[in-house]
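Colleague: I have a model open beside me and would like to learn how to read it. Could you walk me through some features?

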Amino acid sequence: MAHCSSSKLSHLFKLTTANLNKPTVLRTGRDIQYAPQRCKYFIRFHKTSGPERSLQERQKQHMARGLPKQKPIAGVKQVIVVASGKGGVGKSTTAVNLALGLTANDPVRKAPLLICTFCYYCCIPIFAQMGMQNHDNFSLCFTTLSTQSLFIFLFCTQSKTVGILDADVYGPSVPKLMSLKGNPELTDNNLMRPLMNFGIPCMSMGFLVEDVAPIVWRGLMVMSAIEKLLRQVDWGLLDYLVIDMPPGTGDVQLSITQNIPIAGAVIVSTPQDIALLDARRGAEMFRKVNVPVLGIVQNMSVFQCPKCNHQTHIFGADGARALADTLGVQVLGDIPLHLSIREMSDRGQPVVVSSPDSPEAEAYRKVATAVVQRLEELSG
């Protein structure tokens with residue numbers, strides 16, 4: 001006998017014909033059998049018992065819950081993810097220089113120089129009226145007043161703090177880019193302390209494994225590692241946490257976007273058509289999980305010959321701008337293909353801190369400014 005619901009029974013009756021003397025086609029799953037003169041199946045209705053009904057209700061309630069609730073990272077105000085659909089487009093270099101650009105653009109970082117200049121020019125007439133003609137006395141009073149003013153200013157104002165999380169488990173690049181080695185220490189609460197350089201706290205899987213050791217893990221182990229990097233790190237108080245995402249649109253991306261609130265995503269791509277195809281997939285993925293796309297960074301946009309200054313668009317011209325128009329987002333900036341960016345990155349001295357006055361560093365700072373403006377637009 002077969003257990004049938006009312007819908008299956010109705011479907012079965014429709015298959016029968018009015019004339020039972022004619023062969024009737026009955027579908028029995030895998031094959032088709034003919035039932036002449038009569039229906040040879042007995043139908044028995046199955047009554048749902050109380051425990052089974054309650055189980056079905058619990059299953060419906062569980063499915064209605066949907067995705068897990070997002071839980072913010074302790075101490076972090078806003079999370080910015082830097083992603084690309086394809087590897088090798090300069091995503092990690094852009095993420096590191098973006099984080100450094102966010103701190104370099106902070107006006108509070110320039111406060112000590114401004115305070116000292118202010119104190120020097122303001123103190124000269126004051127000390128002259130007090131009759132301090134001796135150079136040593138003047139220097140001592142100036143230094144004391146400058147130090148006090150600096151402490152008062154820094155106490156009343158707070159600079160922006162930025163951290164970097166390297167979520168590329170299989171190919172961590174942040175340790176090399178930030179010139180960091182060693183294992184993170186543990187706090188009393190058994191949390192990992194990020195390693196720091198250039199004033200930026202950093203955490204990466206590269207700190208937990210050997211430099212040349214391959215990470216041959218299945219998906220569940222990768223998810224467990226990402227969970228530890230998100231929840232078991234003592235970040236302190238951060239205004240921005242820049243996450244260097246792995247390339248593609250896989251489990252890591254979904255796990256991060258579903259578990260923590262993300263302020264926005266920055267898509268990095270070269271102008272090449274092949275890279276733009278995957279960049280669009282990455283942008284569409286963030287839209288599906290309700291993460292705002294802040295814009296696109298067009299990396300390696302142009303090469304300028306160091307001898308004749310002739311510009312060549314090796315990977316094409318303005319491909320990312322066309323994609324941005326299609327997606328309805330803005331281009332956050334253009335980063336040139338320059339030798340100094342590669343050399344400084346390989347040395348662990350990002351161009352924003354090693355050559356702050358160069359056009360390349362200025363390009364990264366403009367990207368950081370555009371990112372902050374987009375975040376303010378979304379929050380306002």
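This is a predicted model: local features need pLDDT of at least 70, side-chain atom pairs count only at pLDDT 80 or more; totals for chains, interfaces and linings use all residues.

Colleague: Where is S255 found, and what does S255 touch?

Modeller: S255 is found in helix α8. Leaving aside residues up to four places away in sequence, S255 touches M223 and I226. Both M223 and I226 are among the α7 residues that meet α8.

Colleague: That brings up helix pairs. How do I read one?

Modeller: Two packed helices are described by the angle between their axes and the distance between the axes. Here, the axes of α7 (residues 219–231) and α8 (residues 251–259) come within 10 Å and cross at roughly 40°. The crossing of α7 past α8 is right-handed.

Colleague: Which residues of α7 and α8 meet?

Modeller: From α7 come V222, M223, I226, L230 and R231, and from α8 come D251, V252, S255, I256 and N259. Sorted by class, this contact has six nonpolar, two polar and two charged residues.

Colleague: Next, backbone angles. What should I look for in phi?

Modeller: Most residues other than glycine have a negative phi, and most peptide bonds are trans. With that in mind, look at N290, which is not a glycine but has a positive phi of about 60°. Then look at M300, another residue other than glycine, where phi is positive and near 55°.

Colleague: Where do N290 and M300 lie?

Modeller: N290 is in the loop between α9 (273–288) and β11 (293–304), while M300 lies in strand β11.

Colleague: Is N290 buried or exposed? And is M300 buried or exposed?

Modeller: N290 counts as exposed because its relative accessibility is 68%, over the 50% cut-off. M300 has a relative accessibility of 17%, so M300 counts as buried.

Colleague: Let's take V367, then. What does V367 touch?

Modeller: V367 lies in α13 and is buried, with a relative accessible area of 2%. Not counting residues up to four places away in sequence, V367 touches L98, V297, L332, G333 and I335. The C-alpha atoms of V367 and G101 are 8.0 Å apart in space, although these residues are 266 residues apart in sequence.

Colleague: And what do the totals for the protein say?

Modeller: There are 13 helices and 13 strands, and 39% of the 380 residues count as buried. Among contacts with a separation of 6 or more, 73% come from residues 24 or more positions apart. The protein exposes about 22,500 Å², with carbon and sulfur atoms supplying 56% of that area.

Note on methods. Residues are numbered from 1 along each chain as its sequence is written. Side-chain values use heavy atoms; hydrogens and water are left out. Axes are lines fitted to C-alpha atoms, for helices over the stretch in contact, and angles run from 0 to 180 degrees between N-to-C directions. Helices (H or I, at least four residues) and strands (E, at least two) are DSSP runs, numbered from the N terminus. A crossing is left-handed if the near helix is turned anticlockwise from the far one by less than a right angle, and right-handed if clockwise. Contact means heavy atoms within 4.5 Å. Ala, Val, Leu, Ile, Met, Phe, Trp, Tyr, Cys and Pro count as nonpolar, Asp, Glu, Lys and Arg as charged, and the others, Gly among them, as polar. Buried means under 20% relative accessible area, exposed over 50%, partly exposed in between (1.4 Å probe, protein chains only). Accessible areas come from the Shrake-Rupley method with a 1.4 Å probe; for residues, only the protein chains shown count as cover.
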